[in-house]
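Here is a friendly walk through one protein model.

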Amino acid sequence: MLNRLELLVLVCLFCSSSSWAEDWTRFRGKNGQGVSDAQKIPSQWSDADLHWKTKLPGMGHSSPVQLGKTIFVQSADPENATRYVIAIDSDTGKIKWEKKFASTTHRFHRLNSYNSSTPAVDSKRVYVTWSNKAQITLKAFHHDGQEIWSKDLGSWVGQHGYAASPIVYRDKVILVNSQQKNQLNPGEKPGQSRVMAFDGETGQTVWTSDRVTTRVSYSVPCIYQNEKGDDELVCCNTAEG
């Protein structure tokens with residue numbers, strides 16, 4: 001299980017050299033493809049190859065994202081579920097700003113954590129999400145750390161803990177809100193799965209699309225341009241494939 005320090009070791013190796021610098025704005029990079037144009041990245045390294053290390057609060061499974069010379073990452077306190085949003089200078093490893101938000105503890109899979117969501121970033125804002133049983137939170141910040149808006153998207157139902165990550169498409173922030181129907185705990189009611197789009201500047205809901213609910217899916221969507229040149233949002237879940 002990776003903690004924040006281990007994740008940032010990888011970031012400082014890959015991103016702090018200008019020859020390797022590349023915007024990585026969402027989970028798995030450009031359109032979720034996991035493909036980089038960076039050259040000369042070594043397959044093996046030691047501490048002697050690292051430019052810097054930065055110790056960060058909490059732990060989690062969030063992937064870092066980068067725009068320009070700023071890295072954004074999420075974390076959470078494993079004891080009290082406090083959530084952290086952190087910005088780091090990719091040249092120096094210095095923390096530019098850190099925000100923390102109180103939350104509540106809840107049950108999750110032993111291989112999960114209180115934070116498994118990856119931020120998304122565009123030229124103006126960075127977007128983050130997390131959830132406890134009572135509330136899914138979606139927030140937007142300016143790159144300087146000023147909070148712009150915050151959304152309460154209602155309760156979340158799932159066995160193994162939350163792990164959704166937002167994406168940015170043009171002026172919209174899109175989040176797949178997948179929830180549980182099968183194998184519920186005693187007395188637990190099924191959730192409602194939906195895909196949700198929000199205005200990046202204001203946080204206002206642009207549209208929602210209800211999906212079939214069975215088991216929670218953690219797949220992050222991507223954009224496909226069809227043969228007519230139209231963009232289509234591609235989502236995967238256990239009910240619809």
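## About the model

This is a predicted model, in which local features need pLDDT of at least 70, side-chain atom pairs count only at pLDDT 80 or more, and totals for chains, interfaces and linings use all residues. Residues are numbered from 1 along each chain as its sequence is written, and side-chain values use heavy atoms, with hydrogens and water left out.

## Cavities

A search of the whole structure turns up two cavities of 30 Å³ or more. A cavity here is a set of points on a 1 Å grid over the protein atoms alone where a 1.4 Å probe fits but cannot get out, and its lining residues have an atom within 4 Å of a point. Points are joined across faces, edges and corners, and the volume is the space filled by probe spheres set on them.

The largest cavity has a volume of about 90 Å³. Its lining counts 16 residues, with Val176, Ser178, Ser193, Arg211 and Asn237 nearest the centre. Strand 10 (172-177) and strand 11 (194-199) each give at least two residues to this lining; strands are DSSP runs of E, at least two residues long, numbered from the N terminus. The second largest cavity holds about 40 Å³ of space, and among the residues lining it are Trp156, Tyr162, Val176, Ser178 and Tyr218.

## Nonpolar cores

In the largest nonpolar core, Leu153 and Tyr162 touch the most other members out of 14 residues. Strand 7 (136-142), strand 10 and strand 11 each supply at least two residues of this core, and strand 7 provides the largest share, three residues. Such a core is a set of buried Ala, Val, Leu, Ile, Met, Phe, Trp, Tyr and Cys residues joined through side-chain atoms within 4.5 Å, where buried means under 20% relative accessible area with a 1.4 Å probe, protein chains only.

## Two residues to look at

Asn115 sits in the loop between strand 4 (95-101) and strand 5 (120-121). This residue is buried, with a relative accessible area of 1%. Leaving out residues up to four places away in sequence, its contacts (heavy atoms within 4.5 Å) include His61, Gln74, Arg83 and Thr129.

Lys151 belongs to strand 8 (residues 147-152). A polar atom of the Lys151 side chain lies 3.2 Å from the backbone oxygen of Gly203. Between Lys151 and Gln135 the C-alpha to C-alpha distance is 9.6 Å, with 16 residues separating them in sequence.

Definitions and conventions. Helix = DSSP H or I, 4+ residues; strand = E, 2+ residues; numbered from the N terminus. Buried < 20%, exposed > 50% of the residue type's maximum accessible area, 1.4 Å probe, protein only. 1 Å grid on protein atoms, 1.4 Å probe; cavity = no way out; pocket = protein on both sides within 12 Å on 5 of 7 lines; lining within 4 Å. Polar contact = N/O pair within 3.5 Å; in protein donor to acceptor, adjacent residues only side chain to side chain.
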